[in-house]
Amino acid sequence: TSSTRPQRLLRAVQRKATKGDPQSVISAIDYFCRNSEWAMNVGDEKGPILDSVVCEVSPATALELGTYCGYSSVRIARLLPVGTKLITLEFHPDYACIARQVIQHAGLEDKIFLVEGASGDLIPKMADMFGISTFDFVFLDHWKDRYLPDLKLLEECQLLRKGSVLLADNVICPGTPDYLEYVRNSPRYESRYFQSHLEYTKVEDGLEKSVFLG
Ligand SMILES: O=C(NCCc1nnc(-c2ccc3[nH]cnc3c2)[nH]1)c1cc(-c2ccc(F)cc2)cc(O)c1O
Ligand SMILES: [Mg+2]
């Protein structure tokens, strides 16, 4: 029976990456996507930008919207200090199932909470589910038309504090025009664009970093 691309990506990780070594999982996925099949991971060019923002913020509480196969979950969690957690939301059960195995191969299952469901339903439950009050860092990488409504939901649920950092993938390709317009024009955000390329291609894309001013 035929396999799916996420299943083939997981198999590449299981064959090539060293169990318990997050960097080898990241390298195995990037190798697979450059040499076998393109996949929508943040990738090896935008990934280091994500790393630098995570290191700068050094978040005690981090949220990721859109897990997919867990590539960026591994990138983020490998940099988190001991005792801190990444909560990552995934809508598609098949993606979530693969991501759990990728995360396990990296040995990061104790630092990552993967929750299945729609961001719009789950965000209002975050505080109660995880006993947190606000997020220090949010990585947006799910459906592009959900970035703005979910940002507004985070605001309404008071899950952002003065200084919370939002990092959004794909603001050029596929593009998130309404989100960009909002964070770049709202007096409540200080926004900056990191120009890069769509993962594993020469197409322009970039990350938008927005600091909530309270
Ligand atoms: O769609 C993307 N990412 C989103 C995955 C996802 N699929 N479902 C969800 C979800 C939706 C509700 C959710 N609620 C909670 N988690 C959720 C997750 N997220 C995506 C697409 C591209 C891309 C670029 C150029 C192309 F020619 C084709 C594709 C590149 C990227 O870097 C992406 O991140
Ligand atoms: Mg993306």
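**Figure 1. The cavity of the predicted model.** The structure holds 1 cavity of 30 Å³ or more, a cavity being a set of points, on a 1 Å grid over the protein atoms alone, where a 1.4 Å probe fits but cannot get out. About 40 Å³ of space lies in the largest cavity, where volume is the space filled by probe spheres set on the points, which are joined across faces, edges and corners. Its lining, made up of residues with an atom within 4 Å of a point, consists of M40, N41, V42, G66, T67, Y68, C69, Y71, S72 and D141. By class, this lining has 5 nonpolar, 4 polar and 1 charged residues, with Ala, Val, Leu, Ile, Met, Phe, Trp, Tyr, Cys and Pro counted as nonpolar, Asp, Glu, Lys and Arg as charged, and the others, Gly among them, as polar. This is a predicted model, in which local features need pLDDT of at least 70 and side-chain atom pairs count only at pLDDT 80 or more, whereas totals for chains, interfaces and linings use all residues. Residues are numbered from 1 along each chain as its sequence is written, chains are lettered from A and ligands numbered from 1 in the order in which they are written, and side-chain values use heavy atoms, with hydrogens and water left out.

**Figure 2. The largest pocket and its lining.** The largest pocket, an open set of points with protein on both sides within 12 Å along at least five of seven lines, contains about 420 Å³ of space. Of the 23 residues that line it, G66, E90, D141, H142 and W143 lie nearest its centre. Two or more lining residues come from each of β2 (85-90) and α6 (119-122), the elements being DSSP runs numbered from the N terminus (helices H or I, at least four residues; strands E, at least two). The lining divides by class into 10 nonpolar, 7 polar and 6 charged residues.

**Figure 3. Polar contacts of ligand 1.** An oxygen atom of ligand 1 lies 2.9 Å from an N or O atom in the side chain of K144, while nitrogen atoms are involved at H92, with a polar side-chain atom at 3.1 Å, and at F91, with a polar backbone atom at 3.4 Å.

Note on methods. Polar contact = N/O pair within 3.5 Å; in protein donor to acceptor, adjacent residues only side chain to side chain.
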